[in-house]
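Subject: Handover of a structure and findings

Dear colleague,

Please find the sequence and structure below.

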Protein chains: 2
Amino acid sequence: MHLDTPYYAVIFTSTRTAGDKGYAAMAQEMEELAKRQPGYLGFESARENIGITISYWKNLQAISDWKQQTEHLLAQRKGISDWYSWYKVRVCLVEREYDFTR
Amino acid sequence: MHLDTPYYAVIFTSTRTAGDKGYAAMAQEMEELAKRQPGYLGFESARENIGITISYWKNLQAISDWKQQTEHLLAQRKGISDWYSWYKVRVCLVEREYDFTR
């Protein structure tokens, strides 16, 4: 995906608690929901020792609206009660980008 | 790690070619080298379907210096010739952050 800068990235880094406890299904659902939010631009995710999920957004308003989305609020609450031992959220302005394709 | 905002993040997302071809050793070496660069603040990495590596820096000058570091230039060249089928680099200003610890 190519995007015109500037736009926003939300970097979500986390460590999970033991066991799935409904996490995988909810993560999938949240990804689908985020895609339908106004101002959503994209999504990238990988988990190894830590999980890194980055969502891309048109502006701060879009990030704020997604943070307050009803089902997402429920997921955030479950994140704190059940799924994560630690997480960190960073809100970032993407100033420039470049890429390489073989 | 807690950092005072604003600072910079470089998001490096990539897909690998097949086979190691010296990649793991070089990735380890680059992580060690980056830690010794002026303005280096931290590093997070995970690979699943795609790889996401984020390095954190004090300012744009620190990012530019790291990009031009001699051994890192060699690694970048090997990245294009051997290791990556695709990558994307995003330079981002981290405007705010918050975290949760159980």
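This is a predicted model: local features need pLDDT of at least 70, side-chain atom pairs count only at pLDDT 80 or more; totals for chains, interfaces and linings use all residues.

Residues are numbered from 1 along each chain as its sequence is written, chains are lettered from A and ligands numbered from 1 in the order in which they are written, and side-chain values use heavy atoms, with hydrogens and water left out.

Symmetry

Chain A is superposed on chain B by a rotation of 180 degrees with 0.0 Å of shift along the axis, at an RMSD of 0.0 Å. This is the relation of a two-fold axis. The superposition is by least squares on the C-alpha atoms of residues with pLDDT of at least 70 in both copies. Within chain A, the residue that comes closest to the rotation axis is Leu93(A), at 2.5 Å (C-alpha). Both copies use the same surface: 100% of the contact residues of chain A recur in chain B, where contact means heavy atoms within 4.5 Å.

Nonpolar cores

A nonpolar core is a set of buried Ala, Val, Leu, Ile, Met, Phe, Trp, Tyr and Cys residues joined through side-chain atoms within 4.5 Å. Buried means under 20% relative accessible area, exposed over 50%, and partly exposed in between (1.4 Å probe, protein chains only). The largest nonpolar core has 42 residues, and those with the most contacts inside it are Trp57(A), Tyr84(A), Trp57(B) and Tyr84(B). Beyond its neighbours within four places in sequence, Tyr84(A) is in contact with residues including Phe12(A), Tyr23(A), Arg47(A), Phe100(B) and Arg102(B). A second, separate core of 22 residues includes Tyr7(A), Ile50(A), Val94(A) and Ile50(B).

Helix packing

Two packed helices are described by the angle between their axes and the distance between the axes. Axes here are lines fitted to C-alpha atoms, for helices over the stretch in contact, and angles run from 0 to 180 degrees between N-to-C directions. Helices (H or I, at least four residues) and strands (E, at least two) are DSSP runs, numbered from the N terminus.

In chain A, helix α2 (residues 60–68) and helix α3 (residues 70–83) pack at an angle of about 70 degrees, with their axes 5 Å apart. The two helices α2(A) and α3(A) are therefore roughly perpendicular, a term that covers angles of 65 to 115 degrees, with under 35 counted as roughly parallel, over 145 as roughly antiparallel and the rest as oblique. From α2(A), Trp66(A), Lys67(A) and Gln68(A) meet Thr70(A), His72(A), Leu73(A) and Gln76(A) in α3(A).

Individual residues

Thr13(B) is placed in strand β1 (residues 7–16) of chain B and is buried, with a relative accessible area of 0%. Among the residues that Thr13(B) touches, not counting those up to four places away in sequence, are Glu44(A), Ile50(B), Trp86(B) and Arg90(B).

Ser14(B) also lies in strand β1 of chain B, and its relative accessible area of 1% makes it buried. Ser14(B) and Gly51(B) are 37 residues apart in sequence, yet 5.1 Å apart in space, C-alpha to C-alpha.

Ala25(B), in helix α1 (residues 23–35) of chain B, is exposed, with a relative accessible area of 56%. Ala25(B) and Leu93(B) are 68 residues apart in sequence and 30 Å apart in space, C-alpha to C-alpha.

Yours sincerely
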